[in-house]
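Please look over the model below. My notes follow as numbered points.

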Amino acid sequence: MASAVVLSTGARMPIIGLGTWKSTPGEVTEAVKTAILTGYRHIDGAFAYQNEEEVGAAVHATIDQGVVKREELFIVSKLWCMYHERSLVRGACEKILSDLKLDYLDLYLIHFPMGLKPGEKFLDAEVQAIPDNSTFLETWELSKADIDTILSFNRNWRGIAMEWSISKWADTRDDQSNPSTGLLSGGLPLFKEAEKLVVLHCFIMTSALTLNTGARMPILGLGTWKSTPGEVTEAIKVAILTGYRHIDGAHIYLNEKEVGAGVRAMIDQGVVKREELFIVSKLWSTFHERSLVRGACEKTLSDLKLDYLDLYLMHEPMGFKPGESLLPLDAEGKVIPDNSTFLETWEEMEKLVDAGLVKAIGISNFNRSQIEAILSKPDLKYKPVTNQIECHPYLTEEKLIDFCQSKDITVTAYSPLGSPDRPGAKPGDPSLLEDPKIRAIADKYKKTAAQILIRFHIERNVAVIPKSVNPERIKENFQVFDFKLSKEDMNTIMSFNRNWRICSMEWASNHKDFPLNAEY
């Protein structure tokens, strides 16, 4: 299967595609056929290339021959500059669909932000482009408004994007232009004063980590710890509408029914398909004994109203006494252990993969020696795909992250913002969001402190699951793919480490499998 990038809709766009600019009608049909036979599934075109009828002919030939199905292809086209005015956008798209003989496009781009005067005459007496009366924002709005009908949005539409070119182009002569399209021979609109070209894709592609199973886990997810049942359903809906596709939960959070309601609402409304989501839950410690593992997973699936989980984690390496209490404590306030070992529990979790209840299994709050114990099991069937740990600039966990990644185990950071609303927070505790050094870096990038803290993990190839139920913050936390932290700023943030834990789990410090006494 070709490598793909995950779009903010959850759709997957093959990372390599066939470009068709400058491919002449006499050549492009065979080129597209050859590409699809070779394995290409991403075909990039545009109205301005003047070859879409031939591109469509090749696509249909390979579909008709059974080489490929339509839904296996990712077809891209672009709205040309002469069709930016509101009355012209839909017709331009319908013309493309007619030429390609397709019912829908997977992705439609605004080719340039500049609108040109519609019609045959687009150059003035000084051989400069004549603008139209549109703005690219109006054009974008119309594209969104007509999604339902323009692109057959009955579960088929994949996305629209804006290819935003901020530039002034080299001076040209009119003999270099094509009067039918308003293009130079090189395909660029007519402007003077050559400057730099910056291309931004405003339809942000969400990065993902490849697990050792081959599956891809979006690097940014929504955390749901401490999200109350009365708030979390709406938070899930807002997150999915914003573009999140990774949802992190757990039985112990006591909100999985509501998480499931949010997920199901988005699926039922056609916003997202189940296979476009990456849903994570965790086995709680009172269900570590062999006889309890499958039932705990089935309870989570029932609450979420899902047939499978994408990832199921062992929440902690420590098993607790089964019973009504999720945190059974003795008279001294210490947790009461069960009779399990995490290796036995792991074996039962492997059976969940075989049963099709979960796609992958992983761990949480494990230290190096505990991970090595699993990896060195003689009869190990499935490696952990991730280790979810507390991680933030005050607890950078460099050694543990380096170790996990060296073993092809990804890392997911929980409490990345410092969990200011955590139970037991004290007035004198340090605050990541209020740290003046972090806020100074945020000011430098014109970002929020939370966005800097999230981006910090992305730069380390660490998945990150900030929690919020505030719609604006959920959206704000997702706006972290349009900038990068410099190496110097990353080093500065790494220097904030003070090995300070939010979740010290002192109540479990007497447990034989307590993970936090080790160096890492």
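1. Helix contact. I452, F456 and E459 in α13 meet M490, I493 and M494 in α15; contact means heavy atoms within 4.5 Å. By class, this contact of α13 with α15 has five nonpolar, no polar and one charged residues. Ala, Val, Leu, Ile, Met, Phe, Trp, Tyr, Cys and Pro count as nonpolar, Asp, Glu, Lys and Arg as charged, and the others, Gly among them, as polar.

2. Basis. This is a predicted model: local features need pLDDT of at least 70, side-chain atom pairs count only at pLDDT 80 or more, and totals for chains, interfaces and linings use all residues. Residues are numbered from 1 along each chain as its sequence is written, and side-chain values use heavy atoms, leaving out hydrogens and water.

3. Helix geometry. The axes of α13 (residues 449-459) and α15 (residues 487-494) come within 11 Å and cross at roughly 105 degrees. That makes α13 roughly perpendicular to α15 (65 to 115 degrees; under 35 is roughly parallel, over 145 roughly antiparallel, the rest oblique). Axes are lines fitted to C-alpha atoms, for helices over the stretch in contact, with angles from 0 to 180 degrees between N-to-C directions. Helices (H or I, at least four residues) and strands (E, at least two) are DSSP runs, numbered from the N terminus.

4. Loop residue. K359 sits in the loop between α9 (342-354) and β18 (361-364). K359 is exposed, at 53% relative accessible area (exposed is over 50%, buried under 20%, partly exposed in between, with a 1.4 Å probe and protein chains only). L309 is 50 residues from K359 in sequence, yet 6.2 Å away, C-alpha to C-alpha.
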